[in-house]
Amino acid sequence: MSSVPRLVVAAPSSGSGKTTVATGLMAAFAARGLAVSPHKVGPDYIDPGYHALATGRVGRNLDSYLCGTELIGPLFAHGARGCDLAVVEGVMGLYDGAAGEGELASTAQVAKLLRAPVVLVVDASSQSRSVAALVHGFASWDPEVRVAGVILNKVGSDRHEAMLREALDASGVPVLGALRRAPQVGTPARHLGLVPVAERRAEAVEAVAALAAQVGAGCDLDALFALARGAGALPGAAWDAAEAVVPSAAAQRTAPDGTARPSTTPAASGGVRRVAVAGGPAFTFSYAEHAELLTAAGAEVVVFDPLRDERLPEGTGGLVIGGGFPEVYAPELSANEPLRKAVAELAFAGAPVAAECAGLLYLARELDGQPMCGVVDATARMHERLTLGYRDAVAVSDSVLAAAGTRMRGHEFHRTVVEPGAGPAPAWGVRAPERRVEGFVQSGVHASYLHTHWASEPGVARRFVERCLTS
């Protein structure tokens, strides 16, 4: 049972100012001495970096498509454990979710699963009285979604604010804040959204401080906290990596072919299993639960920076290379030849290597003409088309992550192409937007464009750690 006060920051559409307001609220409440738990609806990796900067706690994602609706409450409770307040930033428009799936993966669905009030951020820059009709529509569309307050963003003047407040007086939805246009607080963006914190930390610290000041001055923090406290208790136990990663007794007693096998525990054969996880500015995309699951499965997780470290951590027995922006740092990654060779040697020695999206590009022969690790026999390059969307996938080949036939859900988000798109033993068969195979499985390597959330299939972490080399 979780009784952490909580609220969801949503908007009618993307670009309304959700990240500005959510991050500012997190920072403003943290400045008051509250322990604030930051969350983001959907698969986004970048916004949680700003949330973490604002709160001093790891930013966590709540994605009902990737993880299933049944895990939203437990994952939230896990992240919010011991906190005074949780702020959940929504995704896209309040009612927008996975294409063709109704409310699935929408902010509205997550708000209902969390029994949390919604604060609607409205871009008021080009309207006055019409704001009341807009808010009324969003508040009444789904009676199970409690739109409990409005924060007006990009307000032009005192007179403009007065007109907006007068229009909303009869709506029944209180105005809990009004923010003026403040371009100096803006965060730079590029081909895949905001520039991550890891690439501009000093500037990001200043931006978050400015957001805290702006939101703290323009919003009624006391009223917002009172609203969050009214969320009530959320039933169910918090997610726990150690419990999730241990297979059931029945599963431990039965092998995939149906034969009996002795019970095992993660990493039961002894020795240290050290998993190196790529980090630094080029590889910023990861879900916090992945490292927690690896640790629970018996691994020692060590982060390294492929831009700066010329060697893998001592005793590395497995390697995880998640998403990020290797295309931005291709010359620097290529110039680090000692590390590229070390990665290749580890992969060719049969150690488990899990690479997602950016990791796939780094393992290729080359990226935009720059030599990479040469583990995967493919080339990668930037492309003008954005590939974006949720995917239903099935493992085509047995790998260090999953047995053939394992079904998982994932997400693609990139402006690059890899040629060929799949190896002789593909990683995944993908159903949408068209049926295809993609990715590469060879020896201990699993490399793919698909981002997955291991909390939905904890056996992935257990299987990976069991195959790690020991030292």
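Helix α4 (residues 72-80) is largely enclosed by the rest of the structure, because 8 of its 9 residues are buried. Buried means under 20% relative accessible area, exposed over 50% and partly exposed in between, with a 1.4 Å probe and protein chains only. Helices (H or I, at least four residues) and strands (E, at least two) are DSSP runs, numbered from the N terminus. The model is predicted: local features need pLDDT of at least 70, side-chain atom pairs count only at pLDDT 80 or more, and totals for chains, interfaces and linings use all residues. Residues are numbered from 1 along each chain as its sequence is written, and side-chain values use heavy atoms, with hydrogens and water left out.

- The buried residues of α4 are Ile72, Gly73, Leu75, Phe76, Ala77, His78, Gly79 and Ala80.
- After α4 comes Gly82, which has a positive phi near 80 degrees.
- Helix α9 (residues 221-229) has Leu221, Leu224, Leu227 and Ala228 buried.
- Viewed down the axis of α9, these buried residues fall within an arc of 120 degrees, so they line one face of the helix; the arc is that of the directions from the helix axis to the C-beta atoms.
- Asp222 and Arg229 are exposed on the other side of α9.
- An α-helix has 3.6 residues a turn, so residues three or four places apart point the same way.

**Aromatic rings**

- There are 8 aromatic pairs in the structure; rings of Phe, Tyr and Trp (its six-membered ring) pair if their centres lie within 6.5 Å, with planes under 30 degrees apart counted as stacked, over 60 as edge-to-face and the rest as tilted.
- The pair of Tyr95 and Trp141 is tilted, because the ring centres are 6.4 Å apart and the planes stand at 55 degrees.
- This pair links distant parts of the chain, 46 residues apart: Tyr95 is in the loop between β4 (85-89) and α5 (107-114), and Trp141 is in helix α6 (residues 130-141).
- Trp141 counts as exposed, at 65% relative accessibility.
- Phe283 and Tyr362 form an edge-to-face pair, with ring centres 5.6 Å apart and planes at 65 degrees.
- Phe283 lies in the loop between β10 (273-278) and α12 (288-296) and Tyr362 in helix α15 (residues 358-363), so the pair ties together parts 79 residues apart in sequence.
- One aromatic cluster is formed by Tyr45, Phe285, Tyr287 and Phe325.
- The charged end of Arg409 sits over the ring of Tyr65, 4.0 Å from its centre; the criterion is NZ of Lys or CZ of Arg within 6 Å of the ring centre and within 35 degrees of the ring normal.

- Tyr362 is buried, with a relative accessible area of 1%.
- Leaving aside neighbours within four places in sequence, the contacts of Tyr362 (heavy atoms within 4.5 Å) include Phe283, Pro306, Ile321, Leu333 and Arg340.
- Val275 is found in strand β10 and counts as buried, at 0% relative accessibility.
- With neighbours within four places again left aside, Val275 is in contact with residues including Leu294, Val302, Val320, Phe464 and Cys468.

**Backbone geometry**

- A cis peptide bond, with omega about -5 degrees, joins Glu419 and Pro420; Pro420 lies in the loop between β17 (407-419) and β18 (428-430).
- Cys357 is not a glycine, yet its phi is positive, about 55 degrees.
- Cys357 is in the loop between β13 (353-356) and α15 and is buried, with a relative accessible area of 5%.
- Asp368, also a residue other than glycine, has a positive phi near 50 degrees.
- Asp368 lies in the loop between β14 (366-367) and β15 (370-371) and is partly exposed, with a relative accessible area of 37%.

**The chain as a whole**

- The chain has 16 helices and 22 strands.
- Of its 471 residues, 56% count as buried.
- The C-alpha trace spans about 70 × 50 × 45 Å along its principal axes.
- Of the contacts with a separation of 6 or more, 75% are between residues 24 or more positions apart.
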